[in-house]
Amino acid sequence: MVFTNLRRHRVRTAIGAVGIALGVATMLSVVGLLGGAVKMFERILRSDAEMVVFEKNVSDLFFSNVEVTVADELEKQPFVKEAQPVLFSIITAPGRPVITCFGIRATDGRLKKGEWLQGEAASFKDDGEGVVLGERAADFLNAKAGSSIELGQGTYPVAGVVRMENGFENGGVFMPLAACQKAFHKEGVCSVITVALAEGHESGEVKTWMMKTHERLTALENEEFSRSYSQFKIMKTTAWVVGGCAFLLGGLSVTNTMILSVFGRIKELAIARVCGFSRGQVARMIFGESLLVAAIGTGMGWALSVAGLYALREVPQLQGYIDPQIGSTELIGALGLAIFTGLGGALYPAWYAAKLKPAEALRFE
Amino acid sequence: MSMQDDMAVRVEDVWKSFDHGRIEVLKGVSLNVTKGEIVALCGTSGCGKSTLLNVISGLEDVDRGLIRVAGQDVVDEKTRIELLRHRIGYVFQFHHLMPDLTLAENCLVPVIAAGGGKAEGLARMQELAVATGVAHRLKQPVRELSGGERQRGALVRALMNDPDLLLCDEPTGALDESNREKVFELLLELVRSRGRTLVLATHDPELARRCDRTVRMRDGRMEGEGI
(Lines give C-alpha, C1' and ligand atoms only; values in the text may rest on other atoms or scores of the structure.)
Protein backbone atom coordinates (compact mmCIF):
# COMPACT_ATOMS: atom_id res chain seq x y z
CA MET A 1 0.00 0.00 0.00
CA VAL A 2 2.82 2.40 0.92
CA PHE A 3 4.62 1.97 -2.42
CA THR A 4 1.34 2.02 -4.32
CA ASN A 5 0.18 5.24 -2.67
CA LEU A 6 3.46 7.00 -3.41
CA ARG A 7 3.44 5.73 -6.98
CA ARG A 8 -0.09 7.05 -7.48
CA HIS A 9 0.92 10.56 -6.45
CA ARG A 10 4.26 10.83 -8.20
CA VAL A 11 4.44 14.62 -8.36
CA ARG A 12 3.55 15.03 -4.70
CA THR A 13 6.05 12.34 -3.75
CA ALA A 14 8.73 13.95 -5.90
CA ILE A 15 8.19 17.37 -4.32
CA GLY A 16 8.51 15.91 -0.83
CA ALA A 17 11.60 13.93 -1.77
CA VAL A 18 13.23 16.93 -3.47
CA GLY A 19 12.66 19.00 -0.32
CA ILE A 20 14.46 16.38 1.75
CA ALA A 21 17.11 15.97 -0.94
CA LEU A 22 17.96 19.68 -0.85
CA GLY A 23 18.13 19.54 2.94
CA VAL A 24 20.39 16.48 2.88
CA ALA A 25 22.55 17.94 0.12
CA THR A 26 22.95 21.20 2.04
CA MET A 27 23.73 19.40 5.26
CA LEU A 28 26.23 16.99 3.75
CA SER A 29 27.85 19.77 1.73
CA VAL A 30 28.23 22.13 4.70
CA VAL A 31 29.39 19.35 7.01
CA GLY A 32 31.64 17.93 4.32
CA LEU A 33 33.19 21.26 3.40
CA LEU A 34 33.78 22.45 6.94
CA GLY A 35 34.94 18.99 8.00
CA GLY A 36 37.35 19.04 5.09
CA ALA A 37 38.58 22.49 6.08
CA VAL A 38 39.21 21.28 9.63
CA LYS A 39 41.13 18.27 8.33
CA MET A 40 43.16 20.54 6.07
CA PHE A 41 44.04 22.80 8.96
CA GLU A 42 44.93 19.78 11.06
CA ARG A 43 47.34 18.64 8.36
CA ILE A 44 49.03 22.06 8.37
CA LEU A 45 49.67 21.63 12.08
CA ARG A 46 50.84 18.04 11.96
CA SER A 47 53.49 18.09 9.26
CA ASP A 48 55.01 14.71 10.14
CA ALA A 49 54.66 15.40 13.86
CA GLU A 50 52.60 13.58 16.47
CA MET A 51 52.17 16.43 18.93
CA VAL A 52 51.50 20.15 19.09
CA VAL A 53 52.77 22.52 21.79
CA PHE A 54 50.99 25.84 22.25
CA GLU A 55 50.00 28.39 24.87
CA LYS A 56 47.35 27.20 27.33
CA ASN A 57 43.84 28.59 27.18
CA VAL A 58 44.14 30.55 23.93
CA SER A 59 40.99 30.75 21.86
CA ASP A 60 42.89 30.81 18.57
CA LEU A 61 46.37 29.63 17.65
CA PHE A 62 47.07 33.02 16.06
CA PHE A 63 47.12 34.38 19.61
CA SER A 64 49.41 31.69 20.99
CA ASN A 65 52.92 32.82 21.91
CA VAL A 66 55.52 30.13 22.53
CA GLU A 67 59.21 30.95 22.99
CA VAL A 68 61.25 29.42 20.19
CA THR A 69 63.85 28.38 22.76
CA VAL A 70 61.34 25.78 23.97
CA ALA A 71 61.71 24.05 20.59
CA ASP A 72 65.47 23.99 21.05
CA GLU A 73 65.08 22.61 24.58
CA LEU A 74 62.67 19.97 23.33
CA GLU A 75 65.06 18.82 20.64
CA LYS A 76 67.64 18.08 23.29
CA GLN A 77 65.29 15.65 25.06
CA PRO A 78 65.82 11.95 24.32
CA PHE A 79 62.11 11.39 23.66
CA VAL A 80 61.97 14.00 20.89
CA LYS A 81 63.12 13.37 17.36
CA GLU A 82 62.35 16.82 16.00
CA ALA A 83 60.67 20.03 17.24
CA GLN A 84 59.74 22.69 14.71
CA PRO A 85 58.46 26.16 15.64
CA VAL A 86 55.78 27.63 13.35
CA LEU A 87 54.50 31.19 13.46
CA PHE A 88 51.06 31.64 11.89
CA SER A 89 49.95 35.04 10.74
CA ILE A 90 47.89 36.87 8.19
CA ILE A 91 49.68 39.27 5.90
CA THR A 92 48.50 41.71 3.24
CA ALA A 93 49.74 42.39 -0.28
CA PRO A 94 48.57 44.99 -2.80
CA GLY A 95 45.10 43.89 -3.91
CA ARG A 96 45.17 40.94 -1.50
CA PRO A 97 44.08 41.82 2.03
CA VAL A 98 44.39 38.30 3.43
CA ILE A 99 47.23 35.88 2.79
CA THR A 100 48.15 33.13 5.21
CA CYS A 101 51.77 33.42 6.23
CA PHE A 102 53.82 30.58 7.71
CA GLY A 103 56.99 31.51 9.54
CA ILE A 104 59.12 28.34 9.52
CA ARG A 105 62.70 27.18 9.79
CA ALA A 106 64.53 25.91 6.72
CA THR A 107 64.69 22.49 8.36
CA ASP A 108 60.87 22.23 8.52
CA GLY A 109 59.92 19.30 6.32
CA ARG A 110 56.75 20.81 4.88
CA LEU A 111 58.43 22.64 2.00
CA LYS A 112 60.21 19.45 0.97
CA LYS A 113 56.80 17.82 0.49
CA GLY A 114 55.79 20.32 -2.15
CA GLU A 115 56.64 20.17 -5.82
CA TRP A 116 59.16 22.91 -6.51
CA LEU A 117 58.03 24.73 -9.65
CA GLN A 118 60.62 27.50 -9.46
CA GLY A 119 63.75 27.87 -7.34
CA GLU A 120 64.95 25.16 -4.94
CA ALA A 121 64.66 24.23 -1.29
CA ALA A 122 68.24 25.34 -0.55
CA SER A 123 67.34 28.90 -1.45
CA PHE A 124 65.02 29.15 1.58
CA LYS A 125 67.38 30.17 4.39
CA ASP A 126 66.84 30.83 8.10
CA ASP A 127 68.92 33.98 8.03
CA GLY A 128 67.62 35.20 4.69
CA GLU A 129 64.57 37.22 3.71
CA GLY A 130 63.61 35.18 0.65
CA VAL A 131 60.08 33.89 0.78
CA VAL A 132 58.60 30.84 -0.92
CA LEU A 133 55.14 31.18 -2.45
CA GLY A 134 52.54 28.55 -2.90
CA GLU A 135 51.58 28.08 -6.56
CA ARG A 136 48.24 29.90 -6.23
CA ALA A 137 49.77 32.70 -4.20
CA ALA A 138 52.39 33.19 -6.90
CA ASP A 139 49.60 33.23 -9.42
CA PHE A 140 47.42 35.86 -7.75
CA LEU A 141 50.44 37.94 -6.66
CA ASN A 142 51.78 37.69 -10.19
CA ALA A 143 55.22 36.80 -8.84
CA LYS A 144 57.95 34.40 -9.79
CA ALA A 145 61.28 33.25 -8.38
CA GLY A 146 63.81 36.08 -8.51
CA SER A 147 61.21 38.83 -8.38
CA SER A 148 60.25 40.86 -5.30
CA ILE A 149 56.87 41.26 -3.68
CA GLU A 150 55.35 43.68 -1.21
CA LEU A 151 54.08 41.93 1.89
CA GLY A 152 52.85 43.97 4.84
CA GLN A 153 55.33 46.74 5.53
CA GLY A 154 58.23 45.18 3.66
CA THR A 155 59.46 43.98 0.30
CA TYR A 156 60.74 40.43 0.04
CA PRO A 157 62.61 38.53 -2.67
CA VAL A 158 60.84 35.42 -3.96
CA ALA A 159 63.11 32.42 -3.40
CA GLY A 160 60.85 29.90 -5.06
CA VAL A 161 57.39 28.69 -5.95
CA VAL A 162 56.02 25.35 -4.74
CA ARG A 163 52.89 23.42 -5.54
CA MET A 164 51.41 22.28 -2.22
CA GLU A 165 48.63 19.73 -1.90
CA ASN A 166 46.95 21.67 0.88
CA GLY A 167 44.91 24.66 -0.34
CA PHE A 168 45.88 26.91 2.59
CA GLU A 169 49.56 26.24 1.98
CA ASN A 170 49.22 26.48 -1.80
CA GLY A 171 47.63 29.91 -1.42
CA GLY A 172 50.06 31.01 1.34
CA VAL A 173 53.51 32.48 1.86
CA PHE A 174 56.37 30.68 3.60
CA MET A 175 58.67 33.11 5.30
CA PRO A 176 61.87 32.38 7.24
CA LEU A 177 60.90 32.27 10.91
CA ALA A 178 63.18 35.16 11.93
CA ALA A 179 61.92 37.38 9.11
CA CYS A 180 58.34 36.52 9.99
CA GLN A 181 58.92 37.34 13.68
CA LYS A 182 60.40 40.67 12.66
CA ALA A 183 57.54 41.47 10.28
CA PHE A 184 54.95 40.84 12.98
CA HIS A 185 56.96 42.18 15.92
CA LYS A 186 57.04 38.75 17.52
CA GLU A 187 60.74 38.36 17.98
CA GLY A 188 61.68 35.13 19.75
CA VAL A 189 58.25 33.57 19.66
CA CYS A 190 56.18 31.27 17.49
CA SER A 191 52.52 30.13 17.52
CA VAL A 192 53.06 26.40 17.94
CA ILE A 193 55.81 23.85 18.07
CA THR A 194 55.19 20.61 16.23
CA VAL A 195 56.87 17.66 17.92
CA ALA A 196 57.90 14.38 16.34
CA LEU A 197 58.60 11.70 18.92
CA ALA A 198 61.78 9.65 18.97
CA GLU A 199 61.19 5.98 18.22
CA GLY A 200 59.92 3.97 21.18
CA HIS A 201 58.89 7.00 23.19
CA GLU A 202 55.43 8.05 24.34
CA SER A 203 53.62 11.37 24.17
CA GLY A 204 53.20 11.26 27.95
CA GLU A 205 56.91 11.96 28.34
CA VAL A 206 56.55 15.26 26.44
CA LYS A 207 53.48 16.19 28.46
CA THR A 208 55.21 15.47 31.76
CA TRP A 209 58.29 17.44 30.73
CA MET A 210 56.15 20.34 29.59
CA MET A 211 54.18 20.44 32.84
CA LYS A 212 57.37 20.46 34.86
CA THR A 213 59.29 23.02 32.83
CA HIS A 214 56.72 25.26 31.11
CA GLU A 215 53.47 25.47 33.02
CA ARG A 216 52.20 28.19 30.69
CA LEU A 217 52.27 25.80 27.75
CA THR A 218 50.42 22.62 26.90
CA ALA A 219 51.39 19.64 24.74
CA LEU A 220 48.69 17.61 23.08
CA GLU A 221 48.62 14.68 20.73
CA ASN A 222 47.21 15.60 17.35
CA GLU A 223 43.93 13.74 17.99
CA GLU A 224 43.54 15.37 21.39
CA PHE A 225 44.21 18.74 19.86
CA SER A 226 41.60 18.22 17.13
CA ARG A 227 39.00 17.23 19.69
CA SER A 228 39.69 20.06 22.09
CA TYR A 229 40.59 23.02 19.88
CA SER A 230 37.68 25.40 20.24
CA GLN A 231 37.89 26.71 16.65
CA PHE A 232 37.47 23.21 15.31
CA LYS A 233 34.62 22.56 17.70
CA ILE A 234 32.88 25.77 16.63
CA MET A 235 33.32 24.91 12.95
CA LYS A 236 32.05 21.37 13.36
CA THR A 237 29.11 22.43 15.53
CA THR A 238 28.24 25.22 13.10
CA ALA A 239 28.30 22.75 10.25
CA TRP A 240 25.90 20.37 11.98
CA VAL A 241 23.59 23.14 13.17
CA VAL A 242 23.41 24.88 9.78
CA GLY A 243 23.09 21.56 8.02
CA GLY A 244 20.49 20.33 10.49
CA CYS A 245 18.41 23.49 10.04
CA ALA A 246 18.54 23.08 6.28
CA PHE A 247 17.48 19.49 6.75
CA LEU A 248 14.57 20.40 8.99
CA LEU A 249 13.42 22.99 6.48
CA GLY A 250 13.48 20.24 3.91
CA GLY A 251 11.57 18.13 6.40
CA LEU A 252 8.75 20.64 6.39
CA SER A 253 8.16 19.72 2.77
CA VAL A 254 7.58 16.14 3.90
CA THR A 255 5.04 17.33 6.45
CA ASN A 256 3.37 19.41 3.78
CA THR A 257 3.38 16.50 1.35
CA MET A 258 1.88 14.15 3.90
CA ILE A 259 -0.77 16.66 5.01
CA LEU A 260 -1.78 17.17 1.37
CA SER A 261 -1.71 13.45 0.88
CA VAL A 262 -4.05 12.79 3.81
CA PHE A 263 -6.46 15.64 3.09
CA GLY A 264 -6.53 14.66 -0.56
CA ARG A 265 -7.76 11.15 0.12
CA ILE A 266 -9.98 11.34 3.14
CA LYS A 267 -12.61 9.19 1.45
CA GLU A 268 -10.02 6.62 0.51
CA LEU A 269 -8.83 6.39 4.07
CA ALA A 270 -12.43 5.97 5.18
CA ILE A 271 -12.87 3.14 2.69
CA ALA A 272 -9.71 1.54 3.98
CA ARG A 273 -11.28 1.63 7.45
CA VAL A 274 -14.50 0.12 6.08
CA CYS A 275 -12.38 -2.63 4.52
CA GLY A 276 -10.97 -3.45 7.95
CA PHE A 277 -7.95 -1.21 8.37
CA SER A 278 -7.43 -0.38 12.04
CA ARG A 279 -6.41 3.10 13.22
CA GLY A 280 -2.92 1.70 13.81
CA GLN A 281 -2.69 0.31 10.29
CA VAL A 282 -3.73 3.67 8.83
CA ALA A 283 -1.15 5.51 10.97
CA ARG A 284 1.56 3.01 10.04
CA MET A 285 0.72 3.46 6.37
CA ILE A 286 1.16 7.25 6.65
CA PHE A 287 4.39 6.90 8.64
CA GLY A 288 5.63 4.36 6.09
CA GLU A 289 4.93 6.70 3.19
CA SER A 290 6.67 9.55 4.97
CA LEU A 291 9.72 7.45 5.82
CA LEU A 292 9.96 6.23 2.26
CA VAL A 293 9.79 9.80 0.93
CA ALA A 294 12.52 10.78 3.40
CA ALA A 295 14.65 7.77 2.40
CA ILE A 296 14.31 8.57 -1.30
CA GLY A 297 15.17 12.21 -0.53
CA THR A 298 18.23 11.17 1.47
CA GLY A 299 19.51 9.06 -1.40
CA MET A 300 18.94 11.89 -3.87
CA GLY A 301 20.53 14.41 -1.50
CA TRP A 302 23.58 12.24 -1.00
CA ALA A 303 24.07 11.88 -4.74
CA LEU A 304 23.52 15.62 -5.21
CA SER A 305 26.04 16.59 -2.54
CA VAL A 306 28.70 14.18 -3.80
CA ALA A 307 28.24 15.45 -7.35
CA GLY A 308 28.23 19.09 -6.19
CA LEU A 309 31.33 18.74 -4.06
CA TYR A 310 33.13 16.85 -6.81
CA ALA A 311 32.26 19.65 -9.24
CA LEU A 312 33.47 22.29 -6.74
CA ARG A 313 36.73 20.45 -6.25
CA GLU A 314 37.34 20.63 -9.97
CA VAL A 315 36.94 24.44 -10.09
CA PRO A 316 40.52 25.72 -10.68
CA GLN A 317 40.18 28.64 -8.24
CA LEU A 318 39.14 26.31 -5.46
CA GLN A 319 41.63 23.55 -6.01
CA GLY A 320 43.28 22.56 -2.79
CA TYR A 321 40.76 24.43 -0.67
CA ILE A 322 38.00 21.87 -1.09
CA ASP A 323 38.61 18.52 0.47
CA PRO A 324 35.15 17.31 1.40
CA GLN A 325 34.91 14.63 4.01
CA ILE A 326 31.63 12.72 3.74
CA GLY A 327 32.26 9.70 5.85
CA SER A 328 30.06 7.17 7.59
CA THR A 329 29.41 9.59 10.49
CA GLU A 330 27.99 12.20 8.14
CA LEU A 331 25.91 9.64 6.26
CA ILE A 332 24.59 8.07 9.45
CA GLY A 333 23.82 11.56 10.75
CA ALA A 334 21.90 12.41 7.58
CA LEU A 335 20.04 9.11 7.69
CA GLY A 336 19.19 9.66 11.36
CA LEU A 337 17.85 13.11 10.58
CA ALA A 338 15.92 11.66 7.64
CA ILE A 339 14.23 9.12 9.91
CA PHE A 340 13.56 11.81 12.51
CA THR A 341 12.17 14.15 9.85
CA GLY A 342 10.12 11.40 8.24
CA LEU A 343 8.55 10.38 11.53
CA GLY A 344 8.17 13.94 12.81
CA GLY A 345 6.71 15.13 9.53
CA ALA A 346 4.12 12.37 9.55
CA LEU A 347 3.00 12.83 13.16
CA TYR A 348 0.12 15.21 12.55
CA PRO A 349 -1.06 13.67 9.24
CA ALA A 350 -0.95 10.17 10.76
CA TRP A 351 -2.83 11.29 13.85
CA TYR A 352 -5.44 13.04 11.71
CA ALA A 353 -5.84 10.04 9.41
CA ALA A 354 -6.09 7.60 12.31
CA LYS A 355 -8.79 9.55 14.10
CA LEU A 356 -11.01 9.90 11.01
CA LYS A 357 -14.47 8.49 11.55
CA PRO A 358 -15.22 6.43 8.43
CA ALA A 359 -18.93 7.30 8.20
CA GLU A 360 -18.23 11.02 8.58
CA ALA A 361 -15.28 10.87 6.21
CA LEU A 362 -17.42 9.22 3.54
CA ARG A 363 -19.75 12.21 3.67
CA PHE A 364 -16.74 14.56 3.31
CA GLU A 365 -16.82 16.74 0.19
CA MET B 1 -29.61 -24.58 17.14
CA SER B 2 -30.83 -21.87 19.46
CA MET B 3 -32.48 -18.71 18.18
CA GLN B 4 -29.45 -16.75 19.34
CA ASP B 5 -27.12 -18.87 17.17
CA ASP B 6 -29.42 -18.44 14.21
CA MET B 7 -29.31 -14.66 14.32
CA ALA B 8 -27.00 -12.82 11.90
CA VAL B 9 -27.97 -9.33 13.10
CA ARG B 10 -29.75 -8.21 16.22
CA VAL B 11 -30.65 -4.55 16.65
CA GLU B 12 -32.49 -3.67 19.83
CA ASP B 13 -33.90 -0.27 20.71
CA VAL B 14 -31.15 1.66 18.97
CA TRP B 15 -31.04 5.46 19.12
CA LYS B 16 -28.72 7.61 17.12
CA SER B 17 -28.56 11.37 16.82
CA PHE B 18 -26.23 13.92 15.23
CA ASP B 19 -25.25 17.49 15.99
CA HIS B 20 -25.14 16.95 19.77
CA GLY B 21 -28.55 15.33 19.90
CA ARG B 22 -30.30 18.01 17.87
CA ILE B 23 -30.96 15.72 14.89
CA GLU B 24 -32.41 12.35 15.87
CA VAL B 25 -32.00 9.85 13.04
CA LEU B 26 -32.75 6.52 14.68
CA LYS B 27 -35.45 6.49 17.36
CA GLY B 28 -35.61 3.17 19.10
CA VAL B 29 -35.07 0.92 16.09
CA SER B 30 -35.15 -2.85 16.53
CA LEU B 31 -34.46 -5.44 13.84
CA ASN B 32 -33.59 -9.11 13.78
CA VAL B 33 -32.10 -10.77 10.71
CA THR B 34 -31.57 -14.51 10.63
CA LYS B 35 -28.63 -16.14 8.93
CA GLY B 36 -29.04 -16.51 5.18
CA GLU B 37 -31.90 -14.04 5.08
CA ILE B 38 -32.12 -11.25 2.50
CA VAL B 39 -33.74 -8.20 4.02
CA ALA B 40 -34.59 -4.95 2.29
CA LEU B 41 -34.79 -1.74 4.30
CA CYS B 42 -37.24 0.52 2.53
CA GLY B 43 -38.16 4.09 3.06
CA THR B 44 -37.75 7.56 1.71
CA SER B 45 -34.45 9.43 1.72
CA GLY B 46 -33.48 10.55 5.20
CA CYS B 47 -35.57 7.95 7.02
CA GLY B 48 -32.47 6.42 8.61
CA LYS B 49 -31.71 3.41 6.37
CA SER B 50 -28.04 4.30 5.76
CA THR B 51 -27.49 5.22 9.39
CA LEU B 52 -28.93 1.88 10.46
CA LEU B 53 -26.49 0.08 8.16
CA ASN B 54 -23.66 2.21 9.52
CA VAL B 55 -24.43 1.37 13.13
CA ILE B 56 -24.79 -2.33 12.31
CA SER B 57 -21.31 -2.30 10.77
CA GLY B 58 -19.88 -0.22 13.60
CA LEU B 59 -18.99 2.70 11.33
CA GLU B 60 -21.17 4.89 13.56
CA ASP B 61 -21.51 4.71 17.33
CA VAL B 62 -25.01 4.44 18.78
CA ASP B 63 -26.32 6.73 21.50
CA ARG B 64 -27.95 3.78 23.16
CA GLY B 65 -29.28 0.36 22.36
CA LEU B 66 -27.76 -2.97 21.41
CA ILE B 67 -26.14 -4.07 18.17
CA ARG B 68 -25.06 -7.66 17.83
CA VAL B 69 -23.54 -9.14 14.67
CA ALA B 70 -22.72 -12.84 14.40
CA GLY B 71 -23.21 -13.15 18.12
CA GLN B 72 -20.75 -10.37 18.95
CA ASP B 73 -21.78 -7.11 20.57
CA VAL B 74 -20.51 -4.18 18.52
CA VAL B 75 -19.18 -2.19 21.44
CA ASP B 76 -15.53 -1.47 20.95
CA GLU B 77 -13.02 -0.67 18.23
CA LYS B 78 -11.40 -4.10 18.35
CA THR B 79 -14.71 -5.91 17.74
CA ARG B 80 -15.65 -3.50 14.96
CA ILE B 81 -12.34 -4.05 13.20
CA GLU B 82 -12.62 -7.82 13.53
CA LEU B 83 -16.17 -7.76 12.17
CA LEU B 84 -15.23 -5.52 9.24
CA ARG B 85 -12.25 -7.73 8.43
CA HIS B 86 -13.94 -11.10 8.59
CA ARG B 87 -17.70 -10.93 9.03
CA ILE B 88 -19.07 -7.88 7.25
CA GLY B 89 -18.81 -6.74 3.64
CA TYR B 90 -20.06 -3.28 2.69
CA VAL B 91 -21.22 -1.97 -0.68
CA PHE B 92 -22.10 1.71 -1.10
CA GLN B 93 -24.30 3.53 -3.58
CA PHE B 94 -21.14 4.96 -5.10
CA HIS B 95 -18.44 2.38 -5.64
CA HIS B 96 -15.79 4.25 -3.58
CA LEU B 97 -12.96 2.50 -5.39
CA MET B 98 -9.62 4.29 -5.64
CA PRO B 99 -9.59 5.59 -9.22
CA ASP B 100 -5.81 5.52 -9.76
CA LEU B 101 -5.47 1.93 -8.66
CA THR B 102 -6.31 -1.04 -10.79
CA LEU B 103 -9.45 -2.96 -9.96
CA ALA B 104 -7.28 -5.81 -8.68
CA GLU B 105 -5.37 -3.50 -6.33
CA ASN B 106 -8.66 -2.16 -4.99
CA CYS B 107 -10.03 -5.63 -4.44
CA LEU B 108 -6.97 -6.67 -2.46
CA VAL B 109 -7.32 -3.88 0.12
CA PRO B 110 -9.51 -5.99 2.50
CA VAL B 111 -7.02 -8.86 2.21
CA ILE B 112 -4.17 -6.54 3.19
CA ALA B 113 -6.23 -5.18 6.09
CA ALA B 114 -6.94 -8.67 7.38
CA GLY B 115 -3.34 -9.80 6.89
CA GLY B 116 -4.45 -12.53 4.50
CA GLY B 117 -2.17 -14.50 2.18
CA LYS B 118 -1.51 -12.99 -1.22
CA ALA B 119 -1.92 -16.22 -3.21
CA GLU B 120 -5.16 -17.04 -1.45
CA GLY B 121 -6.39 -13.48 -1.99
CA LEU B 122 -5.54 -13.54 -5.68
CA ALA B 123 -7.34 -16.86 -6.15
CA ARG B 124 -10.43 -15.59 -4.40
CA MET B 125 -10.38 -12.36 -6.37
CA GLN B 126 -10.16 -14.29 -9.62
CA GLU B 127 -13.09 -16.49 -8.63
CA LEU B 128 -15.26 -13.51 -7.64
CA ALA B 129 -14.21 -11.49 -10.68
CA VAL B 130 -15.25 -14.35 -12.96
CA ALA B 131 -18.56 -14.66 -11.11
CA THR B 132 -19.25 -10.94 -11.48
CA GLY B 133 -17.97 -10.67 -15.06
CA VAL B 134 -15.07 -8.29 -14.44
CA ALA B 135 -12.17 -10.75 -14.67
CA HIS B 136 -11.00 -9.18 -17.92
CA ARG B 137 -10.94 -5.73 -16.30
CA LEU B 138 -8.90 -6.55 -13.19
CA LYS B 139 -5.70 -4.95 -14.48
CA GLN B 140 -7.43 -1.78 -15.62
CA PRO B 141 -7.30 1.41 -13.54
CA VAL B 142 -10.74 2.02 -12.02
CA ARG B 143 -11.07 5.36 -13.85
CA GLU B 144 -11.21 3.42 -17.13
CA LEU B 145 -14.14 1.23 -16.03
CA SER B 146 -17.82 1.83 -16.69
CA GLY B 147 -20.25 2.54 -13.85
CA GLY B 148 -21.58 -1.02 -13.89
CA GLU B 149 -18.08 -2.49 -13.84
CA ARG B 150 -17.09 -0.29 -10.95
CA GLN B 151 -20.08 -1.40 -8.90
CA ARG B 152 -19.34 -5.05 -9.68
CA GLY B 153 -15.78 -4.38 -8.60
CA ALA B 154 -17.06 -2.91 -5.34
CA LEU B 155 -19.07 -6.11 -4.88
CA VAL B 156 -15.95 -8.21 -5.41
CA ARG B 157 -14.08 -6.12 -2.85
CA ALA B 158 -16.86 -6.50 -0.30
CA LEU B 159 -16.81 -10.30 -0.67
CA MET B 160 -13.03 -10.75 -0.66
CA ASN B 161 -12.79 -11.95 2.93
CA ASP B 162 -15.88 -14.15 2.54
CA PRO B 163 -18.05 -12.23 5.02
CA ASP B 164 -21.17 -13.77 6.59
CA LEU B 165 -23.08 -10.53 6.27
CA LEU B 166 -23.27 -8.15 3.33
CA LEU B 167 -24.57 -4.64 3.94
CA CYS B 168 -25.55 -2.75 0.81
CA ASP B 169 -26.58 0.89 0.80
CA GLU B 170 -28.51 1.60 -2.41
CA PRO B 171 -26.01 -0.54 -4.35
CA THR B 172 -27.69 0.11 -7.67
CA GLY B 173 -28.78 3.66 -6.99
CA ALA B 174 -26.12 5.23 -9.20
CA LEU B 175 -26.59 2.87 -12.14
CA ASP B 176 -28.73 3.09 -15.26
CA GLU B 177 -31.71 0.76 -15.61
CA SER B 178 -29.94 -1.97 -17.54
CA ASN B 179 -26.98 -2.10 -15.18
CA ARG B 180 -29.22 -1.79 -12.13
CA GLU B 181 -31.01 -4.99 -13.03
CA LYS B 182 -27.81 -6.89 -13.86
CA VAL B 183 -25.93 -5.84 -10.73
CA PHE B 184 -28.89 -6.52 -8.44
CA GLU B 185 -29.45 -9.96 -9.95
CA LEU B 186 -25.77 -10.70 -9.52
CA LEU B 187 -25.86 -9.55 -5.92
CA LEU B 188 -28.80 -11.83 -5.07
CA GLU B 189 -27.20 -14.74 -6.84
CA LEU B 190 -23.85 -14.34 -5.07
CA VAL B 191 -25.48 -14.06 -1.67
CA ARG B 192 -27.94 -16.91 -2.18
CA SER B 193 -25.42 -19.29 -3.72
CA ARG B 194 -23.08 -18.78 -0.78
CA GLY B 195 -25.79 -18.85 1.88
CA ARG B 196 -24.83 -15.39 3.13
CA THR B 197 -26.98 -12.78 4.81
CA LEU B 198 -27.85 -9.54 3.05
CA VAL B 199 -29.28 -6.35 4.48
CA LEU B 200 -30.04 -3.92 1.72
CA ALA B 201 -31.13 -0.31 1.89
CA THR B 202 -33.25 0.74 -1.07
CA HIS B 203 -36.09 3.03 -1.95
CA ASP B 204 -36.91 0.98 -5.04
CA PRO B 205 -40.00 -1.19 -4.28
CA GLU B 206 -39.27 -3.40 -7.30
CA LEU B 207 -35.93 -4.43 -5.87
CA ALA B 208 -37.31 -4.76 -2.36
CA ARG B 209 -39.99 -7.17 -3.57
CA ARG B 210 -37.34 -9.65 -4.69
CA CYS B 211 -35.86 -9.91 -1.20
CA ASP B 212 -36.96 -12.47 1.42
CA ARG B 213 -38.33 -9.77 3.65
CA THR B 214 -38.93 -6.05 3.49
CA VAL B 215 -38.83 -3.74 6.46
CA ARG B 216 -40.24 -0.24 6.13
CA MET B 217 -38.65 2.68 7.92
CA ARG B 218 -40.10 6.10 8.41
CA ASP B 219 -38.68 9.06 10.26
CA GLY B 220 -36.13 6.98 12.16
CA ARG B 221 -38.54 4.28 13.24
CA MET B 222 -39.56 0.86 12.04
CA GLU B 223 -42.93 1.26 10.43
CA GLY B 224 -43.65 -2.36 9.65
CA GLU B 225 -42.98 -5.20 7.26
CA GLY B 226 -43.90 -5.51 3.60
CA ILE B 227 -43.91 -3.01 0.79
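Colleague: Across which strands of chain B does α6(B) lie, and at about what angle does α6(B) run to β6(B)?

Modeller: This is a predicted model, in which local features need pLDDT of at least 70, side-chain atom pairs count only at pLDDT 80 or more, and totals for chains, interfaces and linings use all residues. Residues are numbered from 1 along each chain as its sequence is written, while chains are lettered from A and ligands numbered from 1 in the order in which they are written. Helices (H or I, at least four residues) and strands (E, at least two) are DSSP runs, numbered from the N terminus, and angles run from 0 to 180 degrees between N-to-C directions of axes, which are lines fitted to C-alpha atoms, for helices over the stretch in contact. With contact meaning C-beta atoms, placed from the backbone, within 7 Å, α6(B) lies across β6 and β7 (165-169) of chain B, and its angle to β6(B) is about 165°.

Colleague: Which strands stand at the edges of the open sheet of chain B?

Modeller: The open sheet has 6 strands with mixed pairing, in the order β6-β7-β8-β3-β9-β10; two strands pair if DSSP finds at least two bridges between them. A strand with a single partner has one side left without a neighbour in the sheet, so the edges are β6 (88-91) and β10 (221-225) of chain B.

Colleague: Which residue of β10(B) stands opposite B:M217?

Modeller: Strand β9 (residues 213-218) of chain B runs antiparallel to β10(B), and 4 bridges join them. Opposite B:M217 stands B:M222.

Colleague: How are α6(B) and α7(B) oriented to each other?

Modeller: The axes of helix α6 (residues 147-159) of chain B and α7(B) come within 10 Å and cross at roughly 15°. Angles under 35 degrees count as roughly parallel, over 145 as roughly antiparallel, 65 to 115 as roughly perpendicular and the rest as oblique. The crossing angle therefore makes α6(B) and α7(B) roughly parallel.

Colleague: Which helix supplies the largest share of the side of chain B that touches chain A?

Modeller: The contact takes 17 residues from chain B and 15 residues from chain A. On the side of chain B, α2 (77-86) and α4 (109-114) each supply at least two residues. The largest share, 5 residues, comes from α4(B).

Colleague: Which element of chain B has the highest mean pLDDT?

Modeller: pLDDT is the predictor's confidence in each residue, from 0 to 100, and chain B averages 90. Helix α7 (residues 177-194) of chain B has the lowest mean among the elements of the chain, 86, and the highest, 95, belongs to strand β3 (residues 38-42) of chain B.

Notes: Contact = placed C-beta atoms within 7 Å.
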